[in-house]
Amino acid sequence: MAATTDGEHRIGLLNGFAAYGMWGLVPLFWPLLKPAGALEILAHRMAWSLVFVAAALLFVRRWAWAGELLRQPRRLGLVAVAAGVITVNWGVYIWAVNAGHVVEASLGYFINPLVTIAMGVLLLKERLRRVQWVAVAVGLAAVVVLTVGYGRPPWISLCLAFSFATYGLVKKKVRLGGVESLAAETAIQFVPALGYLLWLIAHGDASFVNDGPGHAALLASTGIVTALPLVCFGAAAIRVPLSTLGLLQYLAPIFQFLIGILYFHEAMPPERWAGFALVWLALFLLTGDALRSARRPVRLTVPAARTVETPTSSPADA
């Protein structure tokens, strides 16, 4: 039995590394889709993701959830909100990468856990532990330092962090599995995405039909690039502890940050390094506190207010 458990844990770790690794390397993919613009790439991502996920669900014959969802207008409305928020997140991220802002985009996913915690306090009235307060304060200081460094607030990072934190909050209330949730969201996205792509074709501006079959295949593969990491994440989530996933989630922005500096050669002046260092300090405090909390024995008393746990993200969501 122990061997089986160890084997399952190894499979979970491999899937976790695969998921966050693919999300971390995705900045290398979006530039391959030029000359398509960010909106065209986004529309293809929404349309082809539905095709890929629907095929996967058809293969495993997992459709019962769809009928249940259609009979629950409130949950369906929340799915529509999630679809709108993740559309903003995807669009900003694709534009940022192809416009040469990979480092600033990676910052968005570094500060996402801090934003999620802040939203838990403000919207859900959750209670922070002392170390979490310190981490959030350090994160705010980092934003101030980066605002000075950039000469403006880091709007790309903040937009990505807040949109993804909102997305996570809504998905928590919807309570659908990762693949099912993506299928529902992309089903809502599909009609406007298809309408925009047909409009581009009608006006002769669609790179999908103008730039050859290789380019068309790359645009179609956006569905696989979106869905495959999510499948791996789902396989990891049921096999490894949340504390492990909480550590693995930082692989994606680390890879993105390194790609931005080493591959795209984006500038990192001293004040930007200082801002990132503060963000990393905040995450170090947050992760250490979460690990200590996970090791404490569970008490059977009911607390007066819920405390915020360190969130585990699936940024592909990015």
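View A. At 1% relative accessibility, valine 102 counts as buried, where buried means under 20% relative accessible area, exposed over 50% and partly exposed in between (1.4 Å probe, protein chains only). Valine 102 belongs to helix H5, residues 102–124; helices here are DSSP runs of H or I with at least four residues, strands are E runs of at least two, and both are numbered from the N terminus. Leaving out neighbours within four places in sequence, valine 102 is in contact with Pro27, Ala96, Val97, Gln256, Gly260, Phe264 and Glu266, contact being heavy atoms within 4.5 Å. Serine 157 is 55 residues away from valine 102 in sequence, with 10.0 Å between the two C-alpha atoms.

**A word on the model.** This is a predicted model, with local features needing pLDDT of at least 70 and side-chain atom pairs counting only at pLDDT 80 or more, while totals for chains, interfaces and linings use all residues. Residues are numbered from 1 along each chain as its sequence is written, and side-chain values use heavy atoms, with hydrogens and water left out.

View B. The closest N and O atoms of glutamate 104 and arginine 152 are 2.9 Å apart; a salt bridge is a side-chain nitrogen of Lys or Arg within 4 Å of a carboxyl oxygen of Asp or Glu. Glutamate 104 sits in helix H5 and arginine 152 in the loop between helix H6 (130–150) and H7, so the pair ties together parts that are 48 residues apart in sequence.

**View C. Glutamate 8 and arginine 239, joined by their side chains.** The salt bridge here is 3.0 Å from N to O. Glutamate 8 lies in helix H1 and arginine 239 in the loop between H11 and helix H12 (242–248), so this pair ties together parts 231 residues apart in sequence. Glutamate 8 is partly exposed at 34% relative accessibility, and arginine 239 is partly exposed at 27%.

View D. Arginine 129 is buried at a relative accessible area of 14%, and aspartate 289 is buried at 3%.

**View E. Lysine 171, buried without a salt bridge.** Lysine 171 lies in helix H7. Its nearest side chain of opposite charge, glutamate 185, is 4.3 Å away; Lys and Arg count as positive, Asp and Glu as negative, and His and the chain ends are not counted. Not counting residues up to four places away in sequence, lysine 171 touches Ser181 and Glu185.

**View F. Alanine 227 inside helix H11.** Alanine 227 lies in H11, residues 222–237, and is buried at 4% relative accessibility. Beyond residues up to four places away in sequence, alanine 227 touches Phe52, Val53 and Leu182. Arginine 45 is 182 residues from alanine 227 in sequence, yet their C-alpha atoms are 10.0 Å apart.

View G. Met22, Ile224, Leu228 and Val231 make a patch of about 290 Å². Patches consist of residues with over 30% relative accessible area and no salt bridge, like charges being joined within 9 Å and nonpolar side chains (Val, Leu, Ile, Met, Phe, Trp, Tyr) within 5 Å; accessible areas come from the Shrake-Rupley method with a 1.4 Å probe, and for residues only the protein chains shown count as cover. H11 gives the most to this patch, with three residues, while methionine 22 is found in helix H1.

View H. Most residues other than glycine have a negative phi, and most peptide bonds are trans. The bond from lysine 34 to proline 35 is cis, with omega near 15°, and proline 35 is in the loop between helix H1 (2–25) and helix H2 (38–60). Histidine 265 has a positive phi of about 55° although it is not a glycine. This histidine 265 is in the loop between helix H13 (251–263) and helix H14 (270–295) and is exposed, with a relative accessible area of 64%.
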